[in-house]
Amino acid sequence: MSKKEIKLTIKSNFTDKYKAGYPLILPEYIEDLKKVDEDGSILNLYDYKNNFIARAYYGKQNKGFGWILTKNQDEKIDKDFFISKINSAIKYRKSFFNDKDTTAFRVFNGEGDGVGGLTIDFFDGYYLITWYSIGIYEFRTDILDALKECVDFRGIYQKKRFDAKGMYLKDKDFVCGDEAPKPLIVKENGIKFAIYLDDGAMVGVFLDQKEVRKTLRDKYSKDKTVLNTFSYTGAFSVASALGGAKKTTSVDLAKRSIAKTKEHFEINDIDTSKQSIVVDDVFDYFKYALRKKLIFDVVVVDPPSFARSKKRVFSANKDYVKLLKEVIQITSKDGLIVASTNSANFSMMTFHDFIKKAFKELKLRYKVLESFSLPKDFRVNDKFKEGDYLKVVFIRKVK
Ligand code: SAH
């Protein structure tokens with residue numbers, strides 16, 4: 001496939017930024033970007049003295065308008081280019097491929113591995129490609145051919161995340177090879193998860209929380225009562241139960257969370273009769289818990305960065321302090337709060353400020369035990385720290 005090539009000039013103030021390796025295409029940084037009209041076009045970027053700086057592709061995304069692919073003028077964007085990127089991504093994750101207890105992880109993480117707008121996840125021999133723009137999807141033939149050459153696969157699936165709002169486009173997600181079992185059972189540090197590769201936008205587990213789940217299981221769950229809010233398929237509850245929790249309570253608004261969470265307990269041989277799964281708005285559940293004087297030793301709170309329900313709008317940016325204040329009140333005196341956010345809108349420092357504010361307003365004290373950002377397989381581009389969106393803090397309430 002030959003792509004339309006367009007020559008553009010980087011605004012003089014931003015030449016150094018791109019020279020230093022900044023990967024994202026933004027209209028504020030590049031002259032006449034608005035004139036580009038074809039997703040998937042190759043952009044050849046020059047400085048105002050007509051020196052070649054970098055080559056990018058054009059692809060409108062929720063963030064930015066495409067990504068730098070190379071700073072080498074002689075490098076073509078073809079199958080061989082993607083083979084070299086995928087091969088080095090695989091090499092970087094060798095320890096994951098060799099780990100018998102972990103059969104699900106990220107193989108290719110967008111700009112962290114040199115191609116923004118593209119991720120590839122591994123699920124026990126099946127590969128899931130996610131396309132984040134029409135622009136990168138225009139390269140699908142080369143990328144698919146490259147992946148097929150680089151790995152032995154049982155099957156390949158894809159998700160298109162490029163509707164008007166950067167959301168999932170419903171489609172048949174199976175691409176080639178054998179279809180995966182439904183569910184496909186994978187492992188993460190020995191914890192089993194049920195994966196559905198062709199059932200909507202999400203497959204059943206968020207792979208970026210692997211270290212948090214392991215830590216929760218290994219260090220903080222034994223004999224504890226655990227409340228898991230925004231529980232989705234109960235992954236944190238399963239980790240806690242496997243770590244010896246006395247009881248877990250999972251709360252999520254989505255009705256299907258009951259069956260999904262139950263399935264996760266069952267495939268891990270956990271007695272479901274000791275666990276509670278509640279379908280409720282988390283904020284209503286807090287009111288209920290306060291009324292009933294329910295107190296938990298451990299509370300996990302991992303909300304979406306933005307959610308609109310029938311009753312309310314939640315935005316992590318604006319509402320996290322309020323959320324934490326509710327959580328603190330139903331956590332035992334020397335209990336633990338695992339506060340998590342995947343919001344790229346604020347930094348770890350701001351997140352720590354939210355925590356400080358929440359405790360201060362309640363006139364209570366706390367101690368930070370440990371914090372986490374993205375795990376190694378979610379490789380981050382050190383010139384694009386915004387890509388490290390995950391922030392998780394283990395907080396001890398202090399008497
Ligand atoms: N913590 C989960 C992932 C959370 S995904 C994990 O690690 O697997 C976000 C979840 O929040 C979704 O399942 C969604 O249904 C739920 N949700 C969104 N708003 C909610 C609300 N107000 N009350 C309860 N659940 C909510």
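A: A polar side-chain atom of Asp 302 lies 2.7 Å from a nitrogen atom of the ligand, a polar contact being a pair of N or O atoms within 3.5 Å. The model is predicted, so local features need pLDDT of at least 70 and side-chain atom pairs count only at pLDDT 80 or more, while totals for chains, interfaces and linings use all residues. Residues are numbered from 1 along each chain as its sequence is written, and side-chain values use heavy atoms, with hydrogens and water left out.

Backbone atoms also take part. A polar backbone atom of Phe 230 is 3.0 Å from a nitrogen atom of the ligand, and for a backbone N or O atom of Leu 253 the distance to a ligand nitrogen is 3.1 Å. Around the ligand there are 13 residues, each with a heavy atom within 4 Å of it. Those that come nearest are Phe 230, Asp 252, Leu 253, Val 282 and Asp 302.

Elsewhere there is an open sheet of four strands in the order 1-2-3-4, with mixed pairing. Strands are DSSP runs of E of at least two residues, numbered from the N terminus, and two of them pair if DSSP finds at least two bridges between them. Strand 1 (5–9) and strand 4 (66–70) stand at the edges with a single partner each, so one side of each has no neighbour in the sheet. Inside the sheet, strand 2 (residues 42–46) and strand 3 (residues 52–58) pair in the antiparallel sense over five bridges. Leu 43 stands opposite Ala 56 in strand 3.

The loop between strand 2 and strand 3 holds Asn 50. Asn 50 is not a glycine, yet its phi is positive, about 70°. Another point of backbone geometry is the peptide bond from Lys 182 to Pro 183, which is cis, with omega near 0°. Pro 183 sits in the loop between strand 9 (174–177) and strand 10 (184–188). Most residues other than glycine have a negative phi, and most peptide bonds are trans.

Definitions and conventions. Polar contact = N/O pair within 3.5 Å; in protein donor to acceptor, adjacent residues only side chain to side chain.
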